[in-house]
Amino acid sequence: MNTHYLIPSLLILATAIIGTPATAEPEDSLKTTETRWWNPAQHDVPVIEGQAWPHEVRDFYDRLPARAEKTVRRAVWNLSRDAAGLLIRFRSDAPVIQVRYQVQDALDMPHMPATGVSGVDLYARENSGWNWIGGKYSFKDTITYTFQTIKADPDREYYLYLPLYNKVKWLEIGVPGDAQLEPLPARNEGSIVIYGTSIAQGGCASRPGLAWTAMLGRKLNRPVINLAFSGNGRLEEAVNRLLQELDPSIYVIDCLPNMRGFPDDTTRARLTATVTALRQKKPDIPILVVENADASINSLNFIREEDFDRVNNLAREAFDAMKDNGLKNIYLLPAREIGLGIESTVDGVHPNDIGMQEYALAYEKAIRKILKLSRQ
């Protein structure tokens with residue numbers, strides 16, 4: 001049962017639930033407006049969507065359970081604490097929505113802006129479709145976003161996407177004192193689990209809602225569990241064991257960009273072991289293996305082009321062998337179906353927003369076919 005959190009300025013009960021009043025910031029026009037803040041970490045049911053182990057995390061915005069710190073490599077554990085793919089859903093009729101929070105690491109990277117690395121992103125889901133809400137932001141010790149002049153609608157559902165490449169220490173959402181805020185429980189049914197690299201983690205989208213995983217979630221209206229680790233999607237057994245604990249509608253294995261530095265036998269063996277173990281543990285869940293999508297955009301850099309072709313050929317060999325050995329309900333998404341072009345990346349590897357859209361469209365087409373999903 002959904003519970004509406006009404007927030008009139010003098011309602012004591014709502015004060016206990018949503019938090020104490022604070023002066024809104026940083027907009028001058030809002031300085032006299034009383035704002036009430038809600039902290040998702042203090043809510044009584046899980047509200048962080050995209051989190052596969054919500055009751056087992058060490059810190060509130062982690063992606064892996066605390067016990068994984070002892071089983072996965074240190075680099076994987078550290079990256080799992082980035083909030084990539086996590087989002088918060090809520091309903092509100094507020095004309096102004098504010099978000100304030102702190103992060104742990106550097107705000108930006110040389111090839112990725114602060115709005116993607118450390119920013120948040122607000123979308124609205126309505127009967128007519130999706131809308132994006134632009135906000136004014138300030139990247140200081142406490143990061144603030146202010147989304148204002150929003151046309152009020154009590155039935156509007158919001159999706160707040162969290163930073164792609166940073167760790168969130170704490171976060172609060174604020175609305176005017178006479179507005180409604182209804183936190184929505186995290187969805188799990190029909191989830192899509194993605195095990196991948198920096199590309200799937202979100203590099204180098206200009207903002208979190210433009211990561212291809214976020215676009216895919218909106219296109220299919222399904223929760224997405226992002227288990228991508230920049231530079232560390234290496235088809236490792238420790239991560240595979242964690243994947244086997246989940247019951248998604250489909251597994252996506254998109255690790256080939258991080259396998260280019262490994263010997264041929266290692267790449268074949270790890271891909272085969274990953275898919276075979278998942279198939280044995282979860283016999284009815286489809287598995288989609290994805291080629292390295294950068295294979296057609298570096299034709300003048302013949303060394304890199306040959307490397308892309310090599311790892312994709314290895315994947316096809318392993319995939320065909322698994323099919324010949326009787327593994328069923330496994331699928332391959334070729335690089336040509338993603339179709340990246342010379343304007344699709346930041347550096348020849350990581351997609352820009354154009355490339356993210358191309359990834360999302362290819363994944364949508366493939367997953368709709370595999371799961372037999374009709375367009376809504």
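By class, the lining of the largest cavity in this predicted model comprises twelve nonpolar, four polar and four charged residues, where Ala, Val, Leu, Ile, Met, Phe, Trp, Tyr, Cys and Pro are taken as nonpolar, Asp, Glu, Lys and Arg as charged, and the others, Gly among them, as polar. The structure holds one cavity of 30 Å³ or more, and the volume of the largest cavity is about 150 Å³. On a 1 Å grid over the protein atoms alone, a cavity is a set of points where a 1.4 Å probe fits but cannot get out, whereas a pocket is an open set with protein on both sides within 12 Å along at least five of seven lines; lining residues have an atom within 4 Å of a point. Grid points are joined across faces, edges and corners, and the volume is the space filled by probe spheres set on the points. Of the 20 residues that line the largest cavity, Gly85, Leu87, Tyr161, Thr213 and Ala214 lie nearest its centre. At least two lining residues are supplied by each of β11 (157-161), α5 (212-220) and β15 (224-228), and the largest share, four residues, comes from α5.

Residues are numbered from 1 along each chain as its sequence is written, and side-chain values use heavy atoms, with hydrogens and water left out. Because the model is predicted, local features need pLDDT of at least 70 and side-chain atom pairs count only at pLDDT 80 or more, while totals for chains, interfaces and linings use all residues.

The secondary structure of the chain comes to ten helices and 18 strands, these being DSSP runs numbered from the N terminus (helices H or I, at least four residues; strands E, at least two). Of the 376 residues of the chain, 57% count as buried, a term that denotes under 20% relative accessible area, with exposed being over 50% and partly exposed in between (1.4 Å probe, protein chains only). Among contacts in the chain with a separation of 6 or more, 76% are accounted for by residues 24 or more positions apart, a contact being heavy atoms within 4.5 Å.

Five bridges join β14 to the parallel strand β15, where Ala228 is the bridge partner of Gly196. Five bridges likewise join β14 to strand β16 (residues 250-254), again in parallel, and in β16 Gly196 stands opposite Asp254, while Tyr195 stands opposite Ile253.

The largest pocket has a volume of about 290 Å³ and is lined by 13 residues, of which Leu332, Leu333, Lys365, Ala366 and Lys369 lie nearest its centre. Two or more lining residues are given by each of β18 (330-333), α9 (335-338) and α10 (353-371), and the largest share, five residues, comes from α10. By class, the lining of this pocket has eight nonpolar, no polar and five charged residues.

Some backbone features remain to be described. Most residues other than glycine have a negative phi, and most peptide bonds are trans. The peptide bond from Gly203 to Cys204 is cis, with omega near 10°, and Cys204 is placed in the loop between α4 (198-201) and α5. Asn221, found in the loop between α5 and β15, has a positive phi of about 55° although it is not a glycine, and at 21% relative accessibility Asn221 counts as partly exposed. Lys372, in the segment after α10, also has a positive phi of about 55° without being a glycine, and Lys372 is exposed, with a relative accessible area of 75%.

Notes. Pairing = 2+ DSSP bridges.
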